[in-house]
Amino acid sequence: MSLVPGMGIVRGMGLTLRRFFAPKATIKWPEQQADVAPKFRGRLQLLYDEYGTLKCETCFQCAQACPIECIDMGGIDTKGRFHVHWGPPETYGERREESAVRRSGRTVPDATFPRFDPVDTGALDEILERHDYDPKAMLAILEETQAEYGYLPVGALKHISRITGAWYASIYGTATYYRHLRFEPPATASVPAAGTAHAAIEQRYRSGLDASLGYPRRAS
Amino acid sequence: MGAFLKTPKEWPLVLTGRAAALSGSAGDLDLAVRNGAFEGLRRAVRDLGPTGTIATVASSGLRGRGGAGFPTGEKWRAAANQPAGQRYVVANGYGADPSVRTDATLLAADPWTLVEGITIAAFAIGATEAIVAVRAEDTALVTLLEGAVLAAEEAGFLGDDVLGSGYRVTVTVRPVQGAYMLGEETVLLKALEGKRGQPEQRPPYPTERGLFGRPTVVNNVQTLAAVPWLIREGAQAFAAIGSKASPGTALVQLRGPAGAGIAEVPLGTPLAELVRLAGGIGKRSLKALLVGGPTGGLLPADLLATPYEFDALREVGAHIGSGSIVVADDRACIVDLARLLTKFSADEACGKTIPCRIGLRRLYEIGDRVATGTPKPTDAVLMEDLAHDIVASGLCEHERLATLPFTSGMRYFRSELDDHLLRSTCPAGVCHPIAVGAAATPGSR
Ligand SMILES: Cc1cc2nc3c(=O)[nH]c(=O)nc-3n(C[C@H](O)[C@H](O)[C@H](O)COP(=O)(O)O)c2cc1C
Ligand code: SF4
Ligand code: FES
């Protein structure tokens, strides 16, 4: 309360007047576009359409494209549990279908559920201990894990992530890059010899080159 | 003759000189020492010292055999001058090109020259850790190298006390596998760190920030294998071999219609000579030389006089690359060949950047529609523009080089491309469903 009566109002109006002549931040969007840094991509958020349905198709394209894995996807499955990365990228398409059906209100069978079966981590713990729980040896850890289980079960990757402290996304990134690492149980029980995953591609290149040149095919 | 093709007597053998003597018993240390192994190391440790060794390598003019031809002495000096508690030397023996076996063949014939070379490199730059990266599928080679390192360590050539000098150099053999891009140095370092194999922005170069963030020298196997010879025989003797700007020898993987094999050749040898070494051209006529592997350039017959060395090849739109030379005769179609090579490069690109992920794929798609008879009138311009953009915006060498098959093809075989584009014919009769050209006899392939 001011001692002079009416002074409060005068002060208030003063502020209003000053603001009245000050430059405005408001722009007439969308006729006028905001001036932002060229690399600005907006806030990462999921949007809803006019019916209130989530616009995200869960196509995983953004997570797959993001080179530094700062985009990732998680969600609640039909049993109410939260997961990040529901498995290998090969299944993204499948899950996209599934989620579209689910959003339509129909129930879908939870095909992904068995992927998260816990694995027996006894052997894995030994592998981790041998490498001193060091994320720097991740490739060797993953190779040995695959030798142990025949493939890389999601449960094992999660365990490695929890124990070594390496982000799940970066372990997953490493594991998806190298051709000899895989996420599905092999068709046969035995683990193929080193290099077989890549060898077929190299062989295709060699025979393709020979065919292009018109040379007789080589033995290997 | 063994694993290597016979070359003229006056061509010096820097890399494979000992291979014949070791034939059948490559893992025999005593035999290797009797044939001069570890003399270079002794000279480096006893007479030259680290700075003297780097100076010798620099004055010999040795350039990296991994493809880019970077001066090795300069690389070593950069790493040595970088203040750090730990430095690394990595021998790149991955051999990414699927049709090239030069590095592995050299190692299998004589593992000692690399073991000695990498020890000299580690000594020179002050690294205590040295890593030999080779392909995991070459299990016999991995075993041979591990045995060689162990034997050399027991004999005191490396390990805790190199030749009684007090220097420590630990050499480890690391098998890697699973992707073409592992040959690229920053990708190889990523694999050794247990990360996903995508290239890093350079600079900072590995000599500044490499393996685990420490100064690292990544050298091709042949680069390191040349070091013992040049220390032993002197920088002048090495500089006298081959061409002035690129002295020394290199292994080439030759393939032609009449023969194939690996040969050690002095750099600067004319391409025509190498074609002869590959068994000549046979009854047909030479159409093109693919120089540099999957990302190589396609050179026409009138460039056969070009010397096989870094700068001259760059100038004509090819590169040493993986050290492969493929001779194509008149059965080959340039568009078809370039399309195949670009597809391989696009498939193997890591996907980190847009030119890598999308640019190469589009380049292949344009080439593919030219070859399959559904080109658009603007395709030649489009390809040129796209190749230019990829080169300008690529992150790693792979994308930039992967444009070479098409750019060199367009530069030297433009009329053949125009036949596809404008007249819907393939002169070589390779591409379908384009009408078979008049020159080609059906069923000749
Ligand atoms: C796609 C790609 C593949 C490469 N593959 C190999 C390879 O298989 N072996 C190799 O020694 N260098 C390879 N390099 C070159 C390396 O990045 C690096 O320049 C070289 O190992 C450095 O050694 P240098 O100085 O002795 O040449 C490759 C480069 C690229 C871009
Ligand atoms: S790094 Fe990922 S989040 Fe960032 S701009 Fe690229 S895709 Fe988007
Ligand atoms: S291959 Fe992907 S950035 Fe070069």
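Begin by selecting Val4(A), which is found in the segment before helix H1 (7-21) of chain A; helices are DSSP runs of H or I with at least four residues, numbered from the N terminus. The model is predicted: local features need pLDDT of at least 70 and side-chain atom pairs pLDDT 80 or more, while totals for chains, interfaces and linings use all residues. Residues are numbered from 1 along each chain as its sequence is written, chains are lettered from A in the order in which they are written, and side-chain values use heavy atoms, without hydrogens and water.

Proceed to Phe20(A) and Phe21(A). Their ring centres lie 5.4 Å apart and their planes stand at 85 degrees, so the pair is edge-to-face (centres within 6.5 Å, planes over 60 degrees apart). Phe20(A) counts as exposed because its relative accessibility is 60%, and Phe21(A) does so at 64% (exposed means over 50% relative accessible area, buried under 20%, with a 1.4 Å probe and protein chains only).

Now select Tyr168(A), Tyr172(A) and Phe183(A), which form one aromatic cluster. Lys158(A) lies over the face of Tyr168(A), 5.1 Å from the ring centre (NZ within 6 Å of the centre and within 35 degrees of the ring normal). Lys136(A) lies over the face of Phe212(B), at 5.5 Å from the ring centre.

Finally, select helix H8 of chain B, residues 185-192. Here 8 of the 8 residues are buried, so the helix is largely enclosed by the rest of the structure. H8(B) is followed by Gly194(B), with a positive phi near 80 degrees.

Terms used: Phe/Tyr/Trp six-rings, centres within 6.5 Å; stacked < 30°, edge-to-face > 60°. Helix = DSSP H or I, 4+ residues; strand = E, 2+ residues; numbered from the N terminus.
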